[in-house]
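I am opening a notebook page on a structure that is new to me. The entries below follow the order in which I looked things up.

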Amino acid sequence: MGSSRTTVSRRPMARRTVLAALGAAGTALLASGSTWARAAAQMLEALPGKRALRRLTHRPPNYETPLEYFRSVLTPNEAFFVRYHHAVIPQIEAAEFRLEVAGAALERPLTLTLAQLRAEFPPVELVAVCQCSGNRRGLFEPPVPGLQWGHGAMGNARWRGVRLADVLARAGLRSGAVEIAFAAAGAAPLEGTPDYIKSLPLGKALHPDTLLAYKMNGAPLPELNGHPLRLVVPGWTATYWIKHVTRIEVLNTPASGFWMAGAYRMPRAAFPLLERFPSQESGERAPVTEIAVNSLITGSEILPGGRMRVRGIAWDAGHGIDRVEVSGDGGRSWQRAELGDDLGRYSFRPWLFEWAPVAAGAQEVWSRASNRAGQTQVEQPIANPSGYQHNAFHRHRIEVKS
């Protein structure tokens, strides 16, 4: 893909604040003894425009949302996780932004300003989970290489923008179009490092819920979450949600760059996907696509009479959460939790469950979610070399007083 004409400055992200103590949520998770929990003992750090997040790496900036923020269905912008492959973050003035739409399978190349996108295309708004493919990688045992994410490489936001399909319709697609590729502003900082370019199959690109978003939870996109424009691909993992997108290219052959042909791939037989990417499948390996059905226990409290209340969230690729079940006896029996408000098929779905513990002392509560497509969380994470799609039951330790 060619370079964009958008003028950007490139500078490393500077540190602002370092906190010397763990947040309460991080402290509670240390008890689990997992690889990720042990790593959580490092300091929290606040970047510009962000609250204190759990730092995995400073350059490039990779920061995880603490568990406490998932007690709300929408994740605040200032607490939303940060994920970058390159250390240099594009700095783009909205007034100078230009989006180029080009490619061999395109009728009419376009160049659009942010103002044109906002004024000339119908606005669309939806709530969707943005989740890194490697969320919970740090919970695999034995450990796998890569960033050791815990539960917080994700967030749920209300996105506002325009349909990618509407932009492509104005440009006009030729009959030979196979994939739509996306590139961000700036370039890789070191010679030989591949630019971060991803593509989508034509069907997913033209889906009415795939957006070019300029707002997040009612505000302009934060700098560290893609300002001024990012791709939103509801139901698919965040590797496709390109930040600072400045160029769209309509391809008549499958994309073959490193980030498509080499990275973000997993054993096809181990992960039965409903939404696949056939033009990128090869041999036994397939691209990561849809988000696996999952749940997370976000807190518990003691009620009068010794009963316990457990709260959490569930989510999937957009098929819709059918039920969440909770077990207090190591999975021997399960009971349904009560589902909360539904903000849309791609959103976190809150839930709560009340029960009377049968004994005092340390106990584990497990949660598992199932969706309307018949998919259910697994008891143990599915082993794979890159630690993708960890969706095992969530196990939450509580202390029941006598």
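Are phenylalanine 353 and tryptophan 355 buried or exposed? I looked up both, and both are buried; buried means under 20% relative accessible area, exposed over 50%, and partly exposed in between, with a 1.4 Å probe and protein chains only.

Basis. I note that this is a predicted model, in which local features need pLDDT of at least 70, side-chain atom pairs count only at pLDDT 80 or more, and totals for chains, interfaces and linings use all residues. Residues are numbered from 1 along each chain as its sequence is written, and side-chain values use heavy atoms, with hydrogens and water left out.

Whole chain. I find six helices and 26 strands; helices (H or I, at least four residues) and strands (E, at least two) are DSSP runs, numbered from the N terminus. The chain has 402 residues, and 55% of them count as buried. I also looked up contacts, meaning heavy atoms within 4.5 Å. Of the contacts in the chain with a separation of 6 or more, 69% are between residues 24 or more positions apart.

Aromatic rings. A search of the whole structure gives me 16 aromatic pairs. Rings of Phe, Tyr and Trp (its six-membered ring) pair if their centres lie within 6.5 Å; planes under 30 degrees apart count as stacked, over 60 as edge-to-face and the rest as tilted. I looked up phenylalanine 81 with tryptophan 149: the pair is edge-to-face, at 6.4 Å centre to centre and 90° between the planes. Phenylalanine 81 is in the loop between β5 (62–64) and β6 (88–92), and tryptophan 149 is in the loop between β9 (123–131) and β10 (154–163), so the pair ties together parts 68 residues apart in sequence. Phenylalanine 81 and tryptophan 149 are both buried. Back at phenylalanine 353 and tryptophan 355, the ring centres are 6.2 Å apart and the planes are at 25°, so this pair is stacked. I list one aromatic cluster made of Phe80, Phe81, Trp149, Trp159 and Trp241.

Charges over rings. The test is NZ of Lys or CZ of Arg within 6 Å of the ring centre and within 35 degrees of the ring normal. The charged end of lysine 198 sits over the ring of tyrosine 240, 4.8 Å from its centre. For lysine 243 over tyrosine 84, I note 4.5 Å from the ring centre.

Helix α4. In α4 (residues 164–171), I find Leu164, Ala165, Val167, Leu168 and Ala171 buried. They cover an arc of only 160° around the axis, which puts them on the same side of α4; the arc is that of the directions from the helix axis to the C-beta atoms. Glycine 172 follows α4, and its phi is positive, near 85°.
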